[in-house]
Amino acid sequence: MKTDIEPASPTEPPALASSRGTGRIGDKVFLGLSRGSGILLLVIMAAIAVFLTVRAVSAISDDHGNFLTTFEWNTSSRPMVFGIAVLVYGTIVSSIIAMLIAVPVAVGIALFISHYAPRRLATPVAYVIDLLAAVPSIVYGLWGALFLVPHLTGLYKWLDDYLGWTKIFEYNDGTPRSLFTVGILLAIMIIPIVTSVSREVFRQVPQMHEEAALALGATRWEVIRMSVLPFGRSGIISASMLGLGRALGETMAVATVLSPSYLIDTSLLDPGGGTFAQNIASHFKEADGPARDALIASGLVLFVITLLVNGAARLIIARRKEYSGAAA
């Protein structure tokens, strides 16, 4: 006699079913927290923008100069006369100088740590770089004022001898407390940030890509040029934007090494100039209501510049997503 024995239906252990149920609840909780965090961030950003705009409109309405083109900042007089022309120029120029110096150096250090240095050397160097990223800005400012500024005279004279004909690097034997000095100090400050992020991006390069290039006979540099840099291009841009964000908003270090003035000089080596953050820090303490609104108006411009820079970075990364690891 043939008997059909039906296999017993698999039963899920109670513990596993319970864990899955908990996981689904956990996913819902995590989704709600993540979504709420994103919405909260947008609300905070919108509240900041509204606050800055309201106070800025009040200040600009009392301004008897052109807010965008006036080279003067006199908020103690009545009527007030102030403008951001010098501040826009100083902020952008010093940040560009910092990026031109810092990004190549930081990418080179990151490549050295991730692909050239032996592990015994790479680990302590990476640790020191991470520590430098955590140093307070006032420490960099004090170092810049007490050490960097006195030792830049030789560099300024050399630039004047060989590039002074351009008028951009003309040096008139003044104290080297200029936008160029600010750019050098900002570059030193943002190198650890760009290096740390770039190093982590380079470490994520698929090993198979590098091994394939080596198998084809590529040299170490060709491997980096064909495999590492294309893969990490979007990460390098993101790291650079993080550094640029710190350079744009740096306050105490700039205020310590810069001799501010409300004139735009063709030479980057002459003392003078100013930045948004430095101007706010210098005048906020003694500013009354209308003068404080004027500083807030300049802060709104810095806020907009930062948003534009980050938006441009996102567009660049999106257009080059085919080079990113996600699309590889």
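**Close-up views of a helical chain in a predicted model**

**Figure 1. Overview of the protein chain.** The protein chain has 12 helices and two strands, where helices (H or I, at least four residues) and strands (E, at least two) are DSSP runs numbered from the N terminus. This is a predicted model, in which local features need pLDDT of at least 70 and side-chain atom pairs count only at pLDDT 80 or more, whereas totals for chains, interfaces and linings use all residues. Residues are numbered from 1 along each chain as its sequence is written, and side-chain values use heavy atoms, with hydrogens and water left out. Read from the N terminus on, the order of elements is α-β-β-α-α-α-α-α-α-α-α-α-α-α. Of the 328 residues, 39% count as buried, a term that means under 20% relative accessible area, with exposed meaning over 50% and partly exposed lying in between (1.4 Å probe, protein chains only). The accessible surface of the protein chain comes to about 18,600 Å², and 67% of this surface belongs to carbon and sulfur atoms; such areas come from the Shrake-Rupley method with a 1.4 Å probe, and for residues only the protein chains shown count as cover. Among the contacts in the protein chain with a separation of 6 or more, 72% are accounted for by residues 24 or more positions apart, contact being defined as heavy atoms within 4.5 Å.

**Figure 2. Packing of helix α2 (residues 85–116) on α6 (179–203)****.** The two helices α2 and α6 pack at an angle of about 35°, and their axes are 5 Å apart; axes are lines fitted to C-alpha atoms, for helices over the stretch in contact, and angles run from 0 to 180 degrees between N-to-C directions. The crossing of α2 past α6 is right-handed, a label given if the near helix is turned clockwise from the far one by less than a right angle, with anticlockwise giving left-handed. Sorted by class, the contact of α2 with α6 has 24 nonpolar, seven polar and two charged residues, where Ala, Val, Leu, Ile, Met, Phe, Trp, Tyr, Cys and Pro count as nonpolar, Asp, Glu, Lys and Arg as charged, and the others, Gly among them, as polar.

**Figure 3. Packing of α6 on helix α9 (residues 233–249)****.** The axes of α6 and α9 come within 8 Å and cross at roughly 155°, and the two helices are therefore roughly antiparallel to each other, a description used for angles over 145 degrees, while those under 35 count as roughly parallel, 65 to 115 as roughly perpendicular and the rest as oblique. Here α6 passes α9 in a right-handed crossing. On the α6 side the contact includes Leu186, Met189, Ile190, Ile193 and Val194, and on the α9 side it includes Gly235, Ile236, Ala239, Ser240 and Arg246. By class, this contact of α6 with α9 has 12 nonpolar, four polar and one charged residues.

**Figure 4. Val182 in α6 and Ile92 in α2****.** Val182 lies in helix α6 and is buried, with a relative accessible area of 1%. Not counting residues up to four places away in sequence, Val182 touches Ser94, Val254, Val257 and Leu258. The C-alpha atoms of Val182 and Ser94 are separated by 6.1 Å, although these residues are 88 residues apart along the chain. Ile92, in helix α2, counts as partly exposed at 37% relative accessibility, and the C-alpha atoms of Ile92 and Leu248, 156 residues apart along the chain, are separated by 7.5 Å.

**Figure 5. Asp293 and Ser298 in helix α12 (residues 289–319)****.** Asp293 is placed in helix α12 and is buried, its relative accessible area being 10%. Leaving out residues up to four places away in sequence, Asp293 touches Arg55, Ser58 and Ala59. Ser298, also found in α12, counts as buried at 0% relative accessibility, and apart from its neighbours within four places in sequence, Ser298 is in contact with Phe67, Trp73, Ile84, Phe276 and Ile280.

**Figure 6. Lys167 and Asp173 in the loop between α5 (153–163) and α6****.** Most residues other than glycine have a negative phi. Lys167, in the loop between α5 and α6, has a positive phi of about 70° although it is not a glycine, and this residue is partly exposed, with a relative accessible area of 47%. Asp173 lies in the loop between α5 and α6 as well; its phi is near 60°, a positive value in a residue other than glycine, and Asp173 counts as exposed at 62% relative accessibility.
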